[in-house]
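Biologist: Could you take one part of this model and go through it closely, with the surroundings it sits in? Please give me the cut-offs as you go.

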Amino acid sequence: MDLEAAVRKHSEMLYRICIVILGSEQDTQDAIQETFCKYLEKKPKFVDGEHEKAWLIKVATNHCRDIQRFRFRHPKVPIEELAGTLVSRQEDREAVRELLQMPPKQRAVMVLHYVEGYQVKEIAGILGITEHAVKKRLQRGREQFRTTWKEEYCR
Amino acid sequence: MSEMNGGQLRHALKQVHMKENMQEEIIMNVRTQMADGTYRRNSFKRNMVSAAACLMAIGMVSIPAYAGYQGFKSAITSDKVLARMQEIPNEEQQDIYNMVQYEQRSLHADQFSREYTEKEMSRRKVLQQEYENGRFPENTLAMVENAGQIQDYGELVYAKDTSYFYLPERELTDEEILQILDFNSTREYVLEQNPEVQRQKMEQYEEAIREKQGDGLLP
């Protein structure tokens, strides 16, 4: 397994997903590192690039979940501050801020669907949840966006 | 409407990039962890958790909660700390449980008014060990009901309504770090005692088993 090539190819994508779930740069780095450790340890055989990507996302989100549940978490920066650190444009910052205000499980589904382009069935497979749960989380996420964005942008 | 928002969200998130050098740090740290065995040791602990999970899930044996604490690297990692937690009066436990429930309902994760300094992080590691060996704070963490009650950040204080730790500008003292560790342990312990939380943990155990059986994506 070529660690360096895999990190160069996938770490930006994993970073986007993990930072949104964890809200902490250090926790995110921990999650990505553990993901690639597992990658080297398990040496999985992939059918194609998409399979590899989905495997990495699954492992990373599992690590995120473990970090949130059971481990010492690094201090989180306030959402406003984090959104400002991640993106510079005001509209982008608003979108990131709204996303970070959602429950972590909802954030993961929103990012996988809207940013990484996965369909409901694929997300269910990656996160190990039912398609119904994915749809519910997407629906709640959209509702949250609708109410807040409508107020701010449609006046 | 949702598509438009989806597009905006996609655009915003595509602007998010790792900080410079993070890729290099990850490659270096992964290589180090794999070479010096750090990752394997942690894997062993994770496997022990899964093994315990299997046993619990099929109901063949009952595993003391303490074993679960150890496996999950929870705040409760020693018998001395556990004994201390068991001395918390029921009323106080209920108050803490209500507070944690409120935090969860309002979706507040712990936040801090500033990052820990490197010195505080390293002190925390040392003090965590000492805490587990029975060194406890003399006082409990100072708390206020809402953040508006805080006059200044001169002292360590926790706002219940926002789950916010206000850290003083100066370095935290050992006593203050111990108070934070003790507070975290107390929350963990109180949560663990709740039947609903135990039910959720069982679900997590089952999920861990599924994960142990395979990552689900590999043929």
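**A helix and its setting**

Modeller: Let's get the overall make-up out of the way: chain B has nine helices and four strands, where a helix is a DSSP run of H or I with at least four residues and a strand is an E run of at least two, numbered from the N terminus. Keep in mind that this is a predicted model, where local features need pLDDT of at least 70 and side-chain atom pairs count only at pLDDT 80 or more, while totals for chains, interfaces and linings use all residues. Residues are numbered from 1 along each chain as its sequence is written, and chains are lettered from A and ligands numbered from 1 in the order in which they are written.

Chain B reads α-α-α-α-α-α-β-α-β-β-β-α-α along its sequence, whereas chain A reads α-α-α-α-α-α-α-α, with eight helices and zero strands. Of the 155 residues of chain A, 47% count as buried; for the 219 residues of chain B the figure is 19%. Buried here is 20 or more other C-beta atoms within 10 Å of the residue's own, exposed is 12 or fewer, partly exposed is in between, and the C-beta atoms are placed from the backbone.

Now the part I'd zoom in on: helix 6 of chain A, residues 104–115. Its 12 residues reach 16 Å from first C-alpha to last, close to the 16 Å expected at 1.5 Å a residue (the expected span is 1.5 Å times one less than the number of residues). The helix is mostly covered, with 10 of its 12 residues buried, including A:V109, A:M110, A:V111 and A:Y114. A:K105 also sits in helix 6 of chain A, but A:K105 counts as partly exposed because it has 17 C-beta neighbours inside 10 Å. After the helix comes A:G117, with a positive phi near 80 degrees.

What does this helix pack into? The largest nonpolar core has 49 residues, and A:V111 is listed among those with the most contacts inside it, as are A:I17, A:C18 and B:L9. Such a core is a set of buried Ala, Val, Leu, Ile, Met, Phe, Trp, Tyr and Cys residues joined through C-beta atoms within 7 Å. Helix 1 of chain A, residues 3–22, gives the largest share of this core, nine residues. Domain 1 (1–76) and domain 2 (88–155) of chain A both contribute, so the core lies between them; the bounds come from an automatic or database domain assignment. Leaving out residues up to four places away in sequence, B:L9 touches A:M110, A:Y114 and A:V115, among others, a contact being C-beta atoms, placed from the backbone, within 7 Å.

A second, separate core has 18 residues, including B:Y166 and B:L178. Chain B also has an open, mixed sheet of four strands in the order 1-4-3-2, where pairing takes at least two DSSP bridges between the strands. Its edge strands are strand 1 (111–112) and strand 2 (143–144) of chain B. Strands 3 (157–159) and 4 (164–166) of chain B pair antiparallel over three bridges, and B:A159 stands opposite B:Y164.

Methods:
Two residues are in contact if their C-beta atoms, placed from the backbone, lie within 7 Å.
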